[in-house]
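Hi,

Here is the structure I promised to pass on. My notes follow just below it.

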Amino acid sequence: MDFELSDTQALVRDTTRDFVQKRLMPVAAELDQKERFPAAELKALAELGLMGVNIPEELGGAAAGVVAYSLAMTEVARGCASTAVTMAVTNMVGEVIAAFGSEEQRSKYVPKLTSGEYVAGSFALSEPEAGSDPGSMRTTARRDGDSFVLDGPKQWITSGAHAGVFVVWARTGEQSAGTRAISCFLVEGGTPGLRIGKHEDKMGIRASNTVALSFEGVRIPA
């Protein structure tokens, strides 16, 4: 078995390492101390293709594969753990939409994540009473004509105050059905009724934004 890196994997690693040494390491301590969200640094990562490492090229990604993504994440985390968290969640959101979204959703949202037009994406699953147990979720989504209406709280949401699009999980059936009655929705940042709540004052990784969210009659197209 050959464990040598491919040319693409080595290029991703070396390009990321160079960026981290020149751009991230000099400001990492300041980012953490001041809780400054690294918007400029994230935009630069997007320009290098690192906000969609394992996303298809037709959606703006690098299509470099999971090994290259792991190498890139390792290099970014070595320089700034906060930036690495934001990068990881944004890549995850892009991959989720690319894998499971409709063609319209894929073409509308994924290129905005990979290009940096959206500085970040958020994954809204956890709630005050439903962290490791999604079956206890209380956020609901009810059908109303040509729309769904979302109501409920989310907790500990990475990049919640900055995200351009949220992958949101909500209950569409009875509580007794557990996880079988949970569905996934896409909600754009700034949608009426989406409230940004408490910002967590963390002991570390402080430049990674972590907030509570509240969905109050958030109406999205069905």
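The protein has six helices and seven strands, taken as DSSP runs (helices H or I, at least four residues; strands E, at least two) and numbered from the N terminus. Along the sequence the pattern reads α-α-α-α-α-α-β-β-β-β-β-β-β.

This is a predicted model, where local features need pLDDT of at least 70 and side-chain atom pairs pLDDT 80 or more, while totals for chains, interfaces and linings use all residues. Residues are numbered from 1 along each chain as its sequence is written, and side-chain values use heavy atoms, without hydrogens and water.

On overall shape, the C-alpha trace spans about 50 × 40 × 35 Å along its principal axes.

Of the contacts (heavy atoms within 4.5 Å) with a separation of 6 or more, 66% are between residues 24 or more positions apart.

Finally, the cysteines: the whole structure holds zero disulfides, meaning pairs of cysteine sulfur atoms within 2.5 Å. Cys80 is buried at 5% relative accessible area, whereas Cys184 is partly exposed at 36%.

Best wishes

How values were computed
Buried means under 20% relative accessible area, exposed over 50%, partly exposed in between (1.4 Å probe, protein chains only).
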